[in-house]
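User: I'm new to this one and would like to learn how to read it. Could you walk me through a few features, step by step?

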Amino acid sequence: MPIATVNPATGETLETYDALSEEEIERRLATADSTFRTYRTTSFDERARLLRRAAELLEEDRQDIARTMTSEMGKPITQARAEADKCAKAMRWYADHAAELLADEEPAGHDVKDSGGSRAYVRYRPLGPVLAVMPWNFPLWQVVRFAAPALMAGNVGLLKHASNVPQTALYLEDLFRRAGFPEGCFQTLLIGSSAVEGVLRDRRVKAATLTGSEPAGRSVASVASDEIKKTVLELGGSDPFVVMPSADVERAARVAVTARTQNTGQSCIAAKRFIVHEDVYDAFTERFVEGMKALKVGDPLDEDTQVGPLSSERGRDDLAELVDDAVEHGATVLCGGERPDGPGAYYPPTVLADVTPEMRIHQEESFGPVATLHRVAGLDEAVAVANDTPFGLSSNVWTREEADIDRFVRDLEAGGVYVNGMTASHPALPFGGVKRSGYGRELSGHGIREFCNITTVWHGA
Ligand code: NAP
């Protein structure tokens with residue numbers, strides 16, 4: 001895949017970049033390694049000062065970086081600005097809380113006399129240079145939610161961003177440099193995916209995090225396991241959105257539209273499968289389809305646009321194939337479903353009913369504004385259909401019954417259960433999945449500790 005900015009709204013190639021040479025990669029790895037040796041000894045206060053400065057600069061740059069993201073991957077401009085703001089907030093959150101999250105800890109349930117000592121505690125120490133392999137869909141946020149905790153923990157970052165967002169990748173390196181982080185604390189490696197293995201096998205790289213597709217995750221995890229290096233994987237999702245009879249159907253349908261189409265539907269935590277109890281199926285479906293049809297699709301730079309183009313022609317082809325396959329196997333199209341003519345990788349908001357297990361869309365992730373509807377007769381069936389997927393990222397449930405909520409929280413196979421609201425990441429809440437959605441967690445205290453050496457310190461009597 002070439003490293004290039006191709007505007008998905010027009011198909012025009014705006015910039016192309018050469019991949020880094022072997023020598024340049026080596027220089028950057030050496031810089032990361034030597035910077036880590038000193039950066040790891042800095043105080044939380046010093047790191048927080050630099051991260052707060054990065055947040056300020058990002059806020060100053062929000063208009064420009066939003067336009068860059070939109071021109072690289074087609075995100076509606078209002079959502080691009082919101083993404084920049086969210087990143088600044090997360091930086092401040094980690095600047096404010098990292099010292100407390102990584103404070104020395106008394107091991108729970110341990111009486112130091114039992115281990116024959118006088119004192120024992122856990123210290124969270126940094127690991128070293130961490131490689132971050134990141135996707136294009138939230139080109140700032142995916143990186144910042146790795147970088148902010150990593151830098152606060154005393155690690156240094158090496159970013160291999162998706163090949164279609166090179167300008168955002170270079171912006172991030174520049175942002176951290178301007179904020180005052182020492183050279184080498186955060187570097188962007190403009191490399192193709194085939195160069196990832198070499199970087200990951202390098203002895204100076206201590207761990208890796210990957211957000212992206214299952215094949216990419218499998219590849220990085222297998223190299224890392226061969227090298228005995230820690231990984232965190234945030235992979236795909238096909239989140240259920242369950243609507244039970246006691247739900248506020250009107251509100252559920254309104255939120256469902258946003259939950260499916262935010263970021264033009266290209267979100268791992270988008271609700272993708274709408275599982276609706278038969279008592280409210282017709283009422284929900286009518287409102288949901290109405291809402292999907294009413295969305296304004298168009299130029300992502302237009303302030304009113306709610307759904308832009310997909311990030312690439314390839315992305316649109318993949319999505320159209322999933323829909324076509326479902327229709328061939330008997331799915332009913334309630335809206336959308338037709339690939340438009342004309343320039344740009346556009347695909348209309350689409351709702352499919354009568355989806356059955358033999359359709360590809362039943363088991364695969366649809367990365368675009370396409371929703372599937374599933375009618376269920378009760379709680380048991382709702383849980384069974386929700387769990388009938390290889391993925392387990394998050395889930396949404398709509399009900400006013402405590403018994404329903406207890407059941408969903410107990411039985412849904414997912415890294416999150418969001419009740420009467422849509423899944424959204426927040427710096428203070430752990431984020432990640434089970435099953436084929438990956439392992440490990442980002443954000444919160446769990447996220448910052450993933451790339452720490454959890455060190456036991458024990459003093460003799
Ligand atoms: P992708 O193709 O897997 O790309 C993601 C990153 O991995 C890119 O930097 C890509 O580089 C790199 N990559 C691809 N193949 C690789 C390999 N064999 N070895 C090493 N690196 C490799 O993913 P995508 O299709 O662009 O992104 C969408 C996917 O990401 C969806 O499945 C979505 O659900 C998932 N996602 C998950 C989360 C989460 O938190 N769970 C969040 C956002 C997105 P190149 O661009 O150079 O190929």
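Analyst: Let's start with helix bends. The bend at a residue is the angle between two axes, one fitted to the seven residues ending there and one to the seven starting there. Helices (H or I, at least four residues) and strands (E, at least two) are DSSP runs, numbered from the N terminus. Here, α4 bends by about 35° at A95. Keep in mind that this is a predicted model, where local features need pLDDT of at least 70 and side-chain atom pairs count only at pLDDT 80 or more, while totals for chains, interfaces and linings use all residues. Residues are numbered from 1 along each chain as its sequence is written, and side-chain values use heavy atoms, with hydrogens and water left out.

User: What span should helix α4 have, and how far apart are its end C-alpha atoms?

Analyst: The expected span of a helix is 1.5 Å times one less than its number of residues. Helix α4 has 25 residues (77-101), so it should span 36 Å; its end C-alpha atoms are 34 Å apart, which agrees.

User: Which residues come nearest to the ligand?

Analyst: A residue is near a molecule or strand if one of its heavy atoms lies within 4 Å of it. There are 28 residues around the ligand, and W136, S163, S213, L235 and E365 come nearest.

User: Where do I look for polar contacts with it?

Analyst: A polar contact is a pair of N or O atoms within 3.5 Å; within protein, one must be able to donate a hydrogen and the other to accept it, and residues adjacent in sequence count only if both atoms are side-chain atoms. In the side chain of E365, an N or O atom is 2.6 Å from an oxygen atom of the ligand. The side chain of K160 has an N or O atom 2.9 Å from a ligand oxygen, and for M134 a backbone N or O atom lies 2.8 Å from a ligand oxygen. On its own, the ligand has 910 Å² of accessible area, and the protein covers 87% of that. Such areas come from the Shrake-Rupley method with a 1.4 Å probe; for residues, only the protein chains shown count as cover.

User: How many disulfides does a search of the whole structure find?

Analyst: A disulfide is a pair of cysteine sulfur atoms within 2.5 Å. The search finds zero. Take C452: the closest cysteine sulfur, in C185, is 15 Å from its own, too far for a bond.

User: Is C452 buried or exposed?

Analyst: Buried means under 20% relative accessible area, exposed over 50%, and partly exposed in between (1.4 Å probe, protein chains only). C452 counts as buried because its relative accessibility is 7%. C335 is also buried, at 7%.

User: What about phi angles: what is the phi of D354?

Analyst: Phi of D354 is near 60°, a positive value in a residue other than glycine. D354 sits in the loop between β12 (350-353) and α12 (360-363), and its 48% relative accessibility makes it partly exposed. S444 has a positive phi too, about 60°, although it is not a glycine. That residue lies in helix α15 (444-450) and is buried, with a relative accessible area of 3%. Its side chain reaches the backbone nitrogen of H446 at 3.2 Å.

User: Where is Q142 found?

Analyst: Q142 is in helix α5 (residues 141-153). With a relative accessible area of 1%, Q142 is buried.
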